[in-house]
Amino acid sequence: MSKKRIVLTFPGRLVDQPITYHLIKDHNLMVNILRANVTPKEEGRLVIEIGGNKKDMESGMNYLNEIGVHVQPLTQEVGWHKDRCTQCTACISICPSGAFVVNRKDMSVSFRKEKCIACELCIPICPYRAVEVNF
Ligand code: SF4
Ligand code: SF4
């Protein structure tokens, strides 16, 4: 089974539609909602982890495309500005996914983009605005 983390952006007309239900039931996919930002009649965004075999993944993506849901990889949403980072390590303990890690030998901080779930917990913590989440 392959898995990926994606951001679904959907128009207000689809906000009350059971999109994840259809992905699971009709397309045999595993869906784990990591984050939801939904307001009635306005554009909605979901961050999900989705998994399944290649054929089911294709059919699920086709379904999303057909109903007008925009799909993009989660990694496009998060950016770390290394040049602004002072290696203060404040984000290490707050990050729930292990996206920020510190090398204990030299206390250098690094960002593993593929681990980030765009929870934004590090945004108010970082004193130098080194992380941006466009969500
Ligand atoms: S947004 Fe920040 S705190 Fe949340 S997972 Fe990504 S790096 Fe970690
Ligand atoms: S909180 Fe900001 S400045 Fe401090 S280590 Fe994390 S990203 Fe770098």
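Predicted model: local features only at pLDDT ≥ 70, side-chain atom pairs only at ≥ 80, totals over all residues.
I started at glutamate 120, which is found in the loop between S7 and helix H4 (122–125). Residues are numbered from 1 along each chain as its sequence is written, chains are lettered from A and ligands numbered from 1 in the order in which they are written, and side-chain values use heavy atoms, with hydrogens and water left out.

Glutamate 120 is not a glycine, but its phi is positive, about 75°. At 26% relative accessibility I log glutamate 120 as partly exposed. My scale is buried under 20% relative accessible area, exposed over 50%, and partly exposed in between (1.4 Å probe, protein chains only).

I then checked glutamine 87, another residue other than glycine with a positive phi, here near 60°. Glutamine 87 sits in the loop between strand S5 (78–80) and helix H3 (90–94). Its relative accessible area is 29%, so glutamine 87 is partly exposed.

**Ligand 1**

Which residues surround ligand 1? I wrote down Cys95, Pro96, Ser97, Ala99, Phe100, Phe111, Cys116, Ile117, Ala118, Cys119, Glu120 and Cys122. To be near, a residue must have one of its heavy atoms within 4 Å of the molecule or strand. By class, this shell has 10 nonpolar residues, one polar and one charged. In that sorting Ala, Val, Leu, Ile, Met, Phe, Trp, Tyr, Cys and Pro are nonpolar, Asp, Glu, Lys and Arg are charged, and the others, Gly among them, are polar.

Ligand 1 takes up the space of the largest cavity. A cavity here is a set of points, on a 1 Å grid over the protein atoms alone, where a 1.4 Å probe fits but cannot get out. A pocket would be an open set with protein on both sides within 12 Å along at least five of seven lines, and lining residues have an atom within 4 Å of a point. A molecule sits in either one if more than half of its atoms lie within 2 Å of its grid points.

I also looked up cysteine 116 from this shell: it is buried, at 12% relative accessible area.

**Ligand 2**

How many residues surround ligand 2? I get 14, and the closest are Cys85, Cys88, Thr89, Cys91 and Cys126. They split into 11 nonpolar, three polar and no charged. The space ligand 2 takes is the second largest cavity. Cysteine 126 counts as buried, at 17% relative accessibility.

With cysteines turning up around both ligands, I searched for disulfides and found zero in the structure. The cut-off is a pair of cysteine sulfur atoms within 2.5 Å.

**Aromatic rings**

The whole structure gives three aromatic pairs. One of them is phenylalanine 100 with phenylalanine 111, tilted, at 5.0 Å centre to centre and 35° between the planes. Rings of Phe, Tyr and Trp (its six-membered ring) pair if their centres lie within 6.5 Å; planes under 30 degrees apart are stacked, over 60 edge-to-face, and the rest tilted.

Phenylalanine 100 is in strand S6 (residues 100–103) and phenylalanine 111 in strand S7 (residues 108–111), so the pair ties together parts 11 residues apart in sequence. Buried or exposed? Phenylalanine 100 is buried, at 4% relative accessibility, and phenylalanine 111 is buried too, at 17%.

**Whole chain and a few distances**

I count four helices and eight strands in the protein chain, in the order β-α-β-β-α-β-β-α-β-β-α-β. The C-alpha trace spans about 50 × 35 × 20 Å along its principal axes. Of the 135 residues, 39% are buried.

Lysine 105, in the loop between S6 and S7, is exposed at 82% relative accessibility. Lysine 105 and glycine 68 are 37 residues apart in sequence and 49 Å apart in space, C-alpha to C-alpha.

Valine 109 lies in strand S7 and is buried, at 5%. Its C-alpha is 17 Å from that of proline 124, 15 residues apart along the chain.

Notes: Helix = DSSP H or I, 4+ residues; strand = E, 2+ residues; numbered from the N terminus.
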